[in-house]
Amino acid sequence: MVPSTTVHPCLLVSEILVNIFAEVNERDEEDAARTLAALCRTCRAFREPAMKVLWAHLGTLVPLIRCIPCVKIIKSKGKLQNDLPTLALEREMSSSDWEIFLSHSRLVLTCGYYVSRRDKHPVLNSPSHDIGTDILRALSSPPPSSTVFPHLRKIRWTDSRKESIRFFRLILTPALEFLDMSSITDSVYSVIIPSINDACPSLRIMHLPKWPFLHLPNMFDKWPNLAYVTSGPLADATIQSLGRLAHLASMDICLHKLHDIKSLIENPGFSTLRRLVLRAYNINLVTAFMRQVKSIHLREVKCYLPHGTTAAGIQEWITILLDRCMPRRLEILEIEDYADAGAEFPDQFTLTPDTLRLLSRFRGLTTLDLATACTYSLDDTTLTQLATCWPSMQSIALGTHWGWRQQSDVTLKGLLSLVRHCPQLESIGLVMNAVTTDITSQRPGGGVRRPKVTSLNVGDSRVGDPLAVAAFLSDVFPRLLSVDAFNHLGGRRRPIPAAKEHEEKWKEVERLLPAFSKVRAQEHPPVGPRRKAFFLEELYLA
């Protein structure tokens, strides 16, 4: 019987072939490009669908530029090993050169573009060549009535050379939805920004540089669909235009100064906001900005403060946040500062139980990280009261990054109570007093087990008997492999007495954990189908 040579009708449908080739591209990561190139040459039916997948997502413009016949490679004459060869033109681009380039560029949907290795964006593939300025100038003058990237949806731009500005403007098309300019310099940024306003009405995601001050009062009104914004300092009027966006879901901005606080408070906005990240000099700028936010959809709030904060500042920040969002819906709450507490420690830097109890109203929290210069007035009872309000908590860190710098009133019993009331915990950071272990030696955890926890941060916790503490931890956390102690405490931070001694004891705890983990695994063998049947048989026989 002669085998049929007729192609199945399904393989003649372009959409089906695109899906098949996209799956090939996902699974065959190392040789995906070669495989797709081979499919392009297999037959006419495969050519266009395979080309779409092959050119849809580019890490750099280099593969596209190397398709131009008149492009040559100039080897680097630098002495550094990382110097890259440069792409340059041998002659002016002809109409046939443009035809080849445009036949491929029309297929590009996303592109991350760099000029050299020093401009490399961390999430993209490493570039293999630098792009010469003569190529940029040539590509900036396409044939009349032609669009260079008609279907481009997403681009990361890192070229800060003035020769690239004109070419960049050609890339700004009405279809563009994602634009990342976070790596370009201020001089180029100030020239490019006005070009974006009318050219990209479909923008949904925008990442702007975080250092220059931006003063364009109605800038964001041009992009009604904008949902995600990352930016440097903004003028008050620009912040207000940002707050009027109807679809804004995520915002990450720097706060330099807020001159017209009264106007901001009188015109609250950001009603659709779900994620808010603020980077400010101090907590006062954060609280002033938070008075303008009013969103029942807020799920995530993060603050980064180079100049630190005080306990009173944190209390005011939490109080305002409770008023500006729906507390039960907030899931992630983080604050981090980088300043020393100074001579006023601990008087103005102690988070009292009353301040901490404000956090109990955020009953939907899954992540809580308070990495500030403040210490804590916290004991087992207060910790238990807080834990009962956080049934969904998965990650908690209370001051372990810098340490409490004084003796904690939280004991291992408090830790046990925390994990008992928070069954979904996976990551824990808590300063404790583990000098005395007033817990039974038979089953230290009392039956409470959290196998998801594999690491524990104890900051500058005190510890007594490493053997007893390791036995307790291995019972509660049977897969615990590492204990992080005293690792992040800066030189300016006030160390606790006998810090080196406690640090060595925690290292001993960590060394004992693997042996205890093996013993715990023998105590609690996995219950499979056969083991369950054996249990039932024993039950019936009894």
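Which residue stands opposite Ile-428 in strand 20? Leu-456 does, and one of the views below takes you there.

**About the model.** This is a predicted model, in which local features need pLDDT of at least 70 and side-chain atom pairs count only at pLDDT 80 or more, while totals for chains, interfaces and linings use all residues. Residues are numbered from 1 along each chain as its sequence is written, and side-chain values use heavy atoms, with hydrogens and water left out.

**View 1. The whole protein has 18 helices and 22 strands.** Helices (H or I, at least four residues) and strands (E, at least two) are DSSP runs, numbered from the N terminus. Of the 542 residues, 48% count as buried; buried means under 20% relative accessible area, exposed over 50%, and partly exposed in between (1.4 Å probe, protein chains only). Look also at who touches whom: among contacts (heavy atoms within 4.5 Å) between residues at least 6 apart in sequence, 71% join residues at least 24 apart.

**View 2. Strand 20 (residues 455–459) pairs with strand 18 and with strand 22.** Two strands pair if DSSP finds at least two bridges between them. Strand 18 (residues 427–430) runs parallel to strand 20, joined by two bridges, and here you can find Ile-428 opposite Leu-456. Strand 22 (residues 482–485) also runs parallel to strand 20, with four bridges; Ser-455 has Ser-482 as its bridge partner there. Four of the five residues of strand 20 are buried, leaving the strand mostly covered.

View 3. Strand 3 (residues 86–89) pairs with strand 5 in the parallel sense over two bridges, and Leu-87 stands opposite Ile-131 of strand 5.

**View 4. Helix 14 (residues 380–387) packs with helix 15 (residues 412–421).** Their axes are 9 Å apart, at an angle of about 5°, which makes the two helices roughly parallel. Axes are lines fitted to C-alpha atoms, for helices over the stretch in contact, and angles run from 0 to 180 degrees between N-to-C directions. Angles under 35 degrees count as roughly parallel, over 145 as roughly antiparallel, 65 to 115 as roughly perpendicular and the rest as oblique. From helix 14, Asp-380, Leu-383, Thr-384 and Ala-387 meet residues of helix 15 including Lys-413, Leu-415 and His-421.

**View 5. Helix 11 (residues 283–290) is largely enclosed by the rest of the structure.** Seven of its eight residues are buried, among them Ile-283, Val-286 and Phe-289. At the start of helix 11, a side-chain oxygen of Asn-282 reaches to within 3.1 Å of the backbone nitrogen of Asn-284.

**View 6. Ser-145 has a positive phi, and Arg-405 has a positive phi too.** Most residues other than glycine have a negative phi. Ser-145, which is not a glycine, has a phi of about 60° and is found in the loop between helix 6 (133–139) and strand 6 (154–157). Arg-405, not a glycine either, has a phi of about 60° and has its place in the loop between strand 17 (395–398) and helix 15. Are these two residues buried or exposed? Ser-145 is exposed, with a relative accessible area of 85%, whereas Arg-405 is buried, at 7%.

Terms used
Polar contact = N/O pair within 3.5 Å; in protein donor to acceptor, adjacent residues only side chain to side chain.
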